[in-house]
Amino acid sequence: MIYLDNAATTFRKPESVYKAVANAFETCTSVGRGGYGSAMSAADVVYSAREKVWKMFGASGPEQVVFTCNATHALNIAIKGIAKEGNCVISGYEHNSVVRPVFSSGVLECRVATGRVFCPDEIVKSFERQIDGNTVFAVCTHMSNVFGYILPIKRIDEVCRRKGVPLIIDASQSAGSISIKLSELPSCVAVCMAGHKGLYGPQGTGILVCREGERLATIIEGGTGSVSREFLQPEFMPDRLECGTHNVPGIAGLSAGISYVKEKGEGVILRKERRFIAEVCRELRKISGVRVFCGNDVFLQGGVVSFISDRMSAERIANELNDEKIAVRSGFHCSPLAHETVGTQEGTVRVSVSDFTEENEINSFLESVKKILGK
Amino acid sequence: MKRKGGIFVNSVYLTARSITYAQRMARALGKNGVESRIERPEREITDKGCAYAVVISEGYVAEALEILSYNRLSPVKAVIKEDGEYRVLPI
């Protein structure tokens, strides 16, 4: 199979990830639940992962790193933990993992900051307009999971800083290929991300990186292996937001994935992905009736691209590619808001690459699309 | 960080809020040359239930507390075990 749905989850992982998962299964039990060898091995594995995330994402310490089940879980903790009466402002490129928790978070109004795709000035101005004195928080994705559009997160952070509004960033698509550091984003209170995409961890892993001193309300409570005689959830991190048994094999794999990314270099990975996406854009544009969504500025797009055809629906294109054993995603990609913003209400075909994508796979994909749409 | 086999003449237990803090403390001490191990302390020295402690030799207490304070990792309390009895040390 040629796998080009890496924005959903990276399918091929570094060899070290498989080994770390297997090793954790064989040697680790539960973190913080005992002082015996296998519990302490689990604690060491998780702490080591915490340290890597802390350094990679510029948190103030490893205790500010919370391991979650996925990015959706991390976003729910951050959004519902900060929400209060007032309005919130989200970008027009948000995934349902932001939109749905916002709508059930208790905020009185959700405003959308829009702007044409690959036009960063427009979305910055829109955030500027939408945020007012009643805004209690803002949420912005770092990179659109539909279009690969890299949003001007530092400029949006600066708008939030000037207006005194805390910002939550969804780095699900960018983590592992575009550096993002909490320490460089003064208004950012939380960075949420998947562990199983560009960080090459296993499915079922996610990360929430919190700013020190930001007390989020809890959405789940339970066992932490600490202050267990108290009936209330601990105030200190990560225990406040991280309870129940950890996914130790998953975190072990994620830790190995992060090491792979750091050794390879986020910039190197991004450049490779951009090269493939540029090739896809260039060739798809040559096909009659195809509209490809790509920016004129290479720095505005990561390893994801969407396209549509006036000859065939997105679903049908994906199904025909599947017959050729090529995996792409079609439809709304759980981000109807992004489609509304860009005007692709019928959905798109999405192609997304990873560091494990190969040149010949891109060539085969392009040949197949040309064959399918040339019928 | 030495977890097993370290026999200290008189052990001092620096209790931590959680396993994560105990690990941070042990890492900070290790980087500064103070050997330690992480243990689940006995019930007598943890009044809020389950906890972890970083165990060091009595001779390193002052140095360890200074290192931990510098790293904003002060223990919940420091307890020495002498002749099987626990005694809280001033921090």
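The structure is a predicted model.

**Helix 7 of chain A**

- Helix 7 of chain A is largely enclosed by the rest of the structure, because 13 of its 17 residues are buried.
- The N-terminal end of helix 7 of chain A is capped by Asn247(A), which places a side-chain oxygen 2.9 Å from the backbone nitrogen of Gly250(A).
- After helix 7 of chain A comes Gly265(A), with a positive phi near 100°.

**Helix 3 of chain A**

- Helix 3 of chain A consists of 12 residues, and the distance from its first C-alpha to its last is 16 Å, close to the 16 Å expected at 1.5 Å a residue.
- Helix 3 of chain A is mostly covered, with nine of its 12 residues buried.
- Among the buried residues of helix 3 of chain A are Ala71(A), Ala74(A), Leu75(A), Asn76(A) and Ile77(A); Ala78(A), Ile79(A), Gly81(A) and Ile82(A) are also buried.
- The cover over these buried residues includes helix 4 of chain A, together with strand 2 (65-68), strand 5 (135-141), strand 6 (167-170), strand 7 (188-194) and strand 8 (206-210) of chain A.
- Asn70(A) caps the N-terminal end of helix 3 of chain A, with a side-chain oxygen 3.2 Å from the backbone nitrogen of Thr72(A).

**The largest pocket**

- The largest pocket holds about 300 Å³ of space.
- Its lining comprises 23 residues, and those nearest the centre of the pocket are Thr72(A), His95(A), Ser97(A), Lys197(A) and Cys334(A).
- Helix 3 (71-82) and helix 4 (96-103) of chain A are the elements that give two or more residues to this lining.
- Helix 4 of chain A gives the most to the lining of the largest pocket, contributing three residues.
- The lining of the largest pocket is made up of 12 polar, six nonpolar and five charged residues.

**Cavities**

- Two cavities of 30 Å³ or more are found in a search of the whole structure.
- The largest cavity contains about 150 Å³ of space.
- There are 18 residues lining the largest cavity, and Asn6(A), Gln173(A), Gly198(A), Glu273(A) and Val353(A) are the closest to its centre.
- Nine polar, seven nonpolar and two charged residues form the lining of the largest cavity.
- The second largest cavity has a volume of about 90 Å³.
- The lining of the second largest cavity has 14 residues, and those nearest its centre are Thr224(A), Asp239(A), Glu242(A) and His246(A) of chain A, with Ile19(B) of chain B.
- By class, the lining of the second largest cavity has six polar, four nonpolar and four charged residues.

- His333(A) lies in the loop between strand 12 (329-331) and helix 10 (336-342) of chain A.
- With a relative accessible area of 2%, His333(A) is buried, because residues under 20% count as buried.
- The side chains of His333(A) and Thr348(A) make a polar contact at 2.8 Å.
- Leaving aside residues up to four places away in sequence, His333(A) touches His95(A), Asn145(A), Val146(A), Ser306(A), His339(A), Thr348(A) and Arg350(A).

**Backbone geometry in the loops**

- Most residues other than glycine have a negative phi, and most peptide bonds are trans.
- Phe118(A), which is not a glycine, has a positive phi of about 65°.
- Phe118(A) is located in the loop between strand 4 (109-113) and helix 5 (120-130) of chain A, and at 11% relative accessibility Phe118(A) counts as buried.
- Val227(A), also a residue other than glycine, has a positive phi near 30°.
- Val227(A) belongs to the loop between strand 8 and helix 7 of chain A, and Val227(A) is buried, with a relative accessible area of 12%.
- Pro238(A) is located in the loop between strand 8 and helix 7 (248-264) of chain A.
- The peptide bond from Met237(A) to Pro238(A) is cis, with omega near 0°.

Terms used:
Residues are numbered from 1 along each chain as its sequence is written. Chains are lettered from A and ligands numbered from 1 in the order in which they are written. This is a predicted model: local features need pLDDT of at least 70, side-chain atom pairs count only at pLDDT 80 or more; totals for chains, interfaces and linings use all residues. Side-chain values use heavy atoms; hydrogens and water are left out. On a 1 Å grid over the protein atoms alone, a cavity is a set of points where a 1.4 Å probe fits but cannot get out, and a pocket is an open set with protein on both sides within 12 Å along at least five of seven lines; lining residues have an atom within 4 Å of a point. Grid points are joined across faces, edges and corners, and a volume is the space filled by probe spheres set on the points. Helices (H or I, at least four residues) and strands (E, at least two) are DSSP runs, numbered from the N terminus. Ala, Val, Leu, Ile, Met, Phe, Trp, Tyr, Cys and Pro count as nonpolar, Asp, Glu, Lys and Arg as charged, and the others, Gly among them, as polar. Buried means under 20% relative accessible area, exposed over 50%, partly exposed in between (1.4 Å probe, protein chains only). A polar contact is a pair of N or O atoms within 3.5 Å; within protein, one must be able to donate a hydrogen and the other to accept it, and residues adjacent in sequence count only if both atoms are side-chain atoms. Contact means heavy atoms within 4.5 Å. The expected span of a helix is 1.5 Å times one less than its number of residues.
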